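I opened my notebook with two topics to look up.

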Amino acid sequence: MDTFFGQLMILCLLSSTATQASGSNVCTSRGVSTCRQCLAINPACAWCFQEDYGKGSSVSRCDLKKNLLDGGCTPGALEFPTSTLTVNQDTPLSNKASGVADDVTQVRPQKLSMTLRPDDARRFTVTVRQVEDYPVDLYYLMDLSYSMRDDLVKLQTLGNELATAMGRTTSNLRMGFGAFVDKTMSPYMYINPPQALVNPCFSIGTECREQFGYKHVLSLTEQVGRFNEEVGLQTVSRNRDSPEGGFDAVMQAVVCKDKIGWRPDASHLLVFTTDAKTHMALDGRLAGLVQPNDGICHLDNDNTYDKATVLDYPSLGLITDKMSENNINLIFAVTSNVEPLYRNYSQLIPGTTVGTLSQDSGNVIQLILEAYAKIRSKVELELLGVPEELSLSFNATCLNGEVIPGLKSCTGLKIGDTVSFSVEAKLRGCPKEKTRTFTIKPVGFKDALEVTVEFACGCGCEAQAQEKSSLCNQGNGTYECGVCQCHPGRLGPHCECAEGDYRPSDQGNCSPNPDSPVCNGRGDCLCGQCSCHSTDFGKIWGKYCECDDFNCLRFKGELCSGHGTCNCGFCQCDSDWTGENCNCTMRKDTCLSSTGLLCSSRGQCVCGVCQCTQPGAYGATCERCPTCLDACTIKKACVECKQFKRGPLYDDSSCARICRDDIQLVDELTFHDKNAVNCSYKDENDCVEHFQYFEDASGKSILYLIKEPDCPEGPDILVVLLAVAGAILLLGLAGLLIWKLLVTIHDRKEFHKFEEERAKAKWDTGNNPLYKGATSTFTNVAYKGN
């Protein structure tokens, strides 16, 4: 029942859409004369091929299904194909490979089929999961020119370490080795003196091996000892010019699957190491090589590239095609002097990563691990063999169930994460083939979704066409789908007229109403039918010559903006374009900022261009905003939600959408780049968190967070008690001193006052009658003097 009501709703929607053109029925307004033309107008249009339908009237055989049935057309005489979608294979996704990938499924579904009418669409979902412990094939392709001699010495000691490090990501690792220099012809090699042909280092007073183009040394093997042994036997060579022939080697390593030993059920890593630029397509003309690279394996019995002096270097486009065909992930491990060049290459070759190699290749193991982790952290869909007439649009559901419109890739993933992509397939036109099969697959995966599309552009009644039918005036036409397709020179509903016949009474049949010009002034009325004029502007057609392919809306002087075709006054837009004049792209990748956010989360992506909505934001992706929150404030919220699972972004489940950063815990912050920003903030526990915000050259955002925050220690009780006691003692002493000071000040004031009063006192000098002196004199009467 649900399916029935769903189909009924779709039919009602199509019917309403079919009546939007000029307020009339779009099916009858185009004046089509064949069943195939009718089906191409709109998915709601149907055709009645019943012989007596509309007999004696001007009723159109092309109309809405309901109108045709109401008009007397029997259901068996209706041509009304519908778009359908059927899943043919839907094996559940695997969780873990356990080192064996024979029965591992990473893409679901695996096969589906569709039937599409012109201008109709169907939607399906592709689910992808990168399973744990997936087998890995690692092929090390090394530049053995003279400048790489110290790198070779270092690599000879790293085989076991590389196998051990990669063993942490997979239990099924195979390693191989190949080497390259450049084409063995002038001007790429030394040819003078003659000794230089055998010993290119002759002129610098040392010995090295004879120059070669590409040499496959060791097929992929699980025996790490063999890898160490073969690498230990290698010696460097020397070529004349600075660029090397690395792309020749890459092409052979990719396409020579049997020689290299690529397994079909494994991740394929091709590690390309060099310290120099590389030759590419058309550089071979310097040596007179005009034959383009054919992308075919050309290794001889000695595993040496034997077409180095015959074929030109491969182009980036050819390398991209072959890598996609063979599911190869290319890792450019190059020195800093050429890193910008190879980073530009990586933007043109999907599934490619770039790492900066130290001068002696000592960091190559860490570089490979980081590159592999980066490859595994991203799922990007690629399309193979999609017909031009088929338009595909994508919506990605990456993390936390958030739907991101217009994207077909997800980043910041961990092994085991599941992501899905909603895909809408819409038929814009009719290819020559009746069916086509195309593939949707993640870059670097062997798993893929195979989609078979049947184009419902024709009518079943066309198979019963009767040539030279008696119904068409004694064989003057072919009776097909209820109407006569007249032979050249014949006209009329039953081909009863010749072009030379003229009947004035038929003029009324060549105008939509009496006031309109005959055939809209763009044709001649012959036998009651309009014969439309030819013009240099384009094609004119229709019952009254009302349609053409040149009178549509223009944009910047181009018809339908150059992104569509004009059909009877309406633009039929190409894939990924929409709007009345097809000037609005549906792609969203042009609005992605370097952090992977649409318009930096500060605006809306409208027709492929960011319209900044946050005040103060500007730039192509609204990435600049002087008045917005600074980087530390923004990234603080990301640290809180991603590392500590708290904060507003965590609460509203927007952490995965806004914070695409990779958080790495460190013991201390070190200098990474002049553009790195050191930040600190106090969290809810009053601890100070320190982190560094850094964006690498690829735009990847990394937050280096110190493991242990600076948290305040708890109070010491003894110290607190002593501090309180000391404070009380000090306060007491201070009180006594203040009291003593006040008393002293008061005493001094009183004494000073006394002294002043005493100084002012005045005393009289009169005799005191009551005063007696202190001395008394007595006479001794018995004394007789001498």
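I began with Cys591 and Cys605, which form a disulfide with sulfur atoms 2.1 Å apart. A disulfide here is a pair of cysteine sulfur atoms within 2.5 Å. With 65 degrees about the S-S bond, I noted this link of Cys591 and Cys605 as right-handed. Cys591 sits in the loop between strand E34 (584-585) and strand E35 (603-606), and Cys605 in E35, so the pair ties together parts 14 residues apart in sequence. Helices (H or I, at least four residues) and strands (E, at least two) are DSSP runs, numbered from the N terminus. Both Cys591 and Cys605 are buried. Buried means under 20% relative accessible area, exposed over 50%, and partly exposed in between (1.4 Å probe, protein chains only).

I noted the ground rules next. The model is predicted, so local features need pLDDT of at least 70 and side-chain atom pairs count only at pLDDT 80 or more, while totals for chains, interfaces and linings use all residues. Residues are numbered from 1 along each chain as its sequence is written, and side-chain values use heavy atoms, with hydrogens and water left out.

How many disulfides does a search of the whole structure find? I got 23. Another one joins Cys27 to Cys45, S to S 2.0 Å. Its torsion is -95 degrees, and the link of Cys27 and Cys45 is left-handed. Cys27 lies in helix H2 (residues 26-29) and Cys45 in strand E1 (residues 45-48), so the pair ties together parts 18 residues apart in sequence. Cys27 and Cys45 are buried.

Then I turned to the sheet. In which order do the six strands of the open sheet stand? I wrote down E10-E9-E8-E11-E12-E13, with mixed pairing. Two strands pair if DSSP finds at least two bridges between them. Strand E10 (214-221) and strand E13 (352-357) stand at the edges with a single partner strand each, so one side of each has no neighbour in the sheet. Five bridges join strand E9 (residues 173-180) to E10, and the two run antiparallel. Phe180 stands opposite Tyr214 in E10.

Last, I checked a helix. Helix H11 (residues 339-348) packs on the sheet and touches strand E11 (267-274), strand E12 (328-335) and E13. Contact means heavy atoms within 4.5 Å. The direction of H11 makes about 170 degrees with that of E13. Axes are lines fitted to C-alpha atoms, for helices over the stretch in contact, and angles run from 0 to 180 degrees between N-to-C directions.
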